[in-house]
Amino acid sequence: MKKFFTSKMKKSNWLVYAGVILAFVVFQVMSGTGALSSTMEGQLVPVCAYVVMALSLNLTVGVLGELSLGHAGFMSIGAFTGAVTAAALEGAIPNSGLRLLVAMIMGALLAAVAGVLVGVPVLRLRGDYLAIVTLAFGEIIKSIITNLYIGMDSTGLHCSFLNLNFTMQDGKMLLNGPMGVTGIEKISTFLSGFLLIMVTLVIIFNLVNSRSGRAIMALRDNRIAAESVGINVTKYKLMGFVISASLAGAAGTLFALSQNTIMANKFDFNTSILVLVFVVLGGLGRMWGSIIAAATLTVLPELLREFSDYRMLVYAIVLILIMLATNNPTLKGWFARIFKRKGAEKE
Amino acid sequence: MKKFAKIVCLLTVLVMALCCFAGCGEKTNDAIKLGGTGPLTGGAAIYGNAVNNAAKIAVEEINALGGIQFEVKYEDDTHDPEKAVNAYNSLMDWNMQICLGSVTTKPGEATSVEANEDHIFYLTPSASSANVLGGVADPLTGVVDVERKDNVFQMCFMDPSQGKASAEYISSQKLGEKIAIIYKNDEVYSTGIYNSFKLEAEALGLNIVSTTTFTDDTDTDFSVQVAAAKDAGADLVFLPMYYEYAALILKEAKDIGYAPKFFGVDGMDGILTMDGFDTSLAEGVMLLTPFNADAEDERTKAFVAKYQEEYGEIPNQFAADAYDCVYAIYQALDEGEALKNEDGTYNYDITATELCDMLIEAFTASDFTFSGLTGENMTWTADGAVSKTPKGMVIQNGAYVGM
């Protein structure tokens, strides 16, 4: 037990957990006392979803070392599966928390299945094939969902592809092709978002510190050396990739159930790149970096509304500055000196 | 040590600056605050900016009369429902009292739900789908997807009624024997019109010979769709879409020597003023639109002149709808009389909820009619949809002519 707490790796992990819990408590209290503006209040759940997205992509890019450009595709599967499941189960499970959980599990499962379908052929190859295939995958998912119609009435589920060719007497459309899902009951709460982040962190940290995690990282660092000691390349790559996909699916469900309406177009290439930006800015393989980057960069455009027309220009400048600042040796040294001096003064 | 002090100074200044922003919301109002969301940046910015500009013109005009004062603010939603809700929330932080809705349809579906929860009066110039209003049965499935939101009203035609009106018009005027349709099947606006058009066309016995689609990713080349219409021998092509796609379709048709009649809807309005568009291509194109920038009436002429003077371009239908929205609200408030205190000042601190009840009552009153740029004697009922007559227009010599 003592070893468990003293190992350096673990200590930083505990700090991340503590940071997330602290942030949750602070925002929950602020929200409860009405100190949060409507803008921030409305962003709480989406920020949680983007944080989980960034964490899950960091598993693929940072830990597994493969580039995925279609992570929004998995989010999309999770979002639509979750939204349809939650609406279909409205009568069966009146408790919204439980319904959210079931929807999330369904979203994660289907995203994992998609992850296996994409991963099995592609992860056997060397090179940047995964980037190309996931890029196409995101677009395929968008097309499929745009052409999918699902309705539910007293006689059961109706489903059609390409054209809407069923009529209903009562009930409602769960997914209406290009019109997406409308009239979503917002059952995602800040608490559920926080819990999902915690679960994601537990899964990722435990995976990284396990035998499988070490095998995955060995593959990232040197594939030939890892193969030479008998590590099964496809198995471990697939493991990392599918876990990442299913977490993205759960994030998608969380996101969808916090919105009034969702459309397949929302989860396009741009969203994939946005999440990749979170990961790269936060640092590859650094989970706390992903959390901070995702939260900051999601909220930032809203905080910059003061600049009106120049908002996105300022956003871009801030991005460049962050990149320069985090990679500048002089600045790094400067910060290090400040913290050192502060420490010295305390003593 | 000096550096450390500098940093502390900087941080203090930053915190103080933030405190300034925080203090802004406290003073009492000196105008009724109108807010709206629209795509001011990104691919759909042309619509958002048109609405923003026109609403500003209307507010300036009303304020110049010296009576009740309005203040209008548009927040950018980049045509994304998620961002639209953020934009709406930031308007709520600004203490918006009346919402001019969202400019585009999908964001409108999201913000109208929020406005319904907050009970803020919501009059959208151009978010046209049935689900923005709610309570309208989908023409295809026959079920209601979204409950009616009692505080939401539209200034534009609702998509299904446009499709229906187009089919009726084509049928009654005997415009075509064989009809081809090209529509954008990943867009709510285009699909909504197409669905109701198809149903009505079948009911009226119109012969649809070709139906082709395009999406966001394939909206630059229309050779396949136009060739399909030509091969099917269609003599009328129905284009329920925005004008930038229609422009490409007209060009493609000319290139392959195909000259059917083209029939558009209100999204077609603006094609004549599009940059780099050869207006001879649009010769003979018919469209149903509520607004005509070339109209000869005083009001339209004055508005177009003012818009052109301030923004250097001819206003489109979105701008006209937004202009009408502000004036309709102005009229519903009895030109300000409804908010007048006994001492002649106006009650600008009225809550959004009180205003909402007042405006719902005014808009649904049986004797409330509004005449603006986009129609004469418009009325609203409790279902939120506007009732006004679409004008059939045909383009001749680069200008609209009534049919």
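**Notebook: the two domains of chain B**

I looked up the area first: domain 1 of chain B and domain 2 of chain B bury about 1,400 Å² between them, with 64% of it on carbon and sulfur atoms. Buried area here is the accessible area (1.4 Å probe) that two parts lose on being put together, summed over both. I noted that Tyr47(B), Phe157(B) and Gln317(B) supply 36% of the area that domain 1 of chain B buries against domain 2 of chain B, more than any other three residues.

For the record, this is a predicted model, in which local features need pLDDT of at least 70, side-chain atom pairs count only at pLDDT 80 or more, and totals for chains, interfaces and linings use all residues. Residues are numbered from 1 along each chain as its sequence is written, chains are lettered from A and ligands numbered from 1 in the order in which they are written, and side-chain values use heavy atoms, without hydrogens and water.

I then checked the bounds, which come from an automatic or database domain assignment: domain 1 is 32–157 + 300–387 and domain 2 is 160–289. The contact (heavy atoms within 4.5 Å) takes 15 residues from domain 1 of chain B and 16 residues from domain 2 of chain B.
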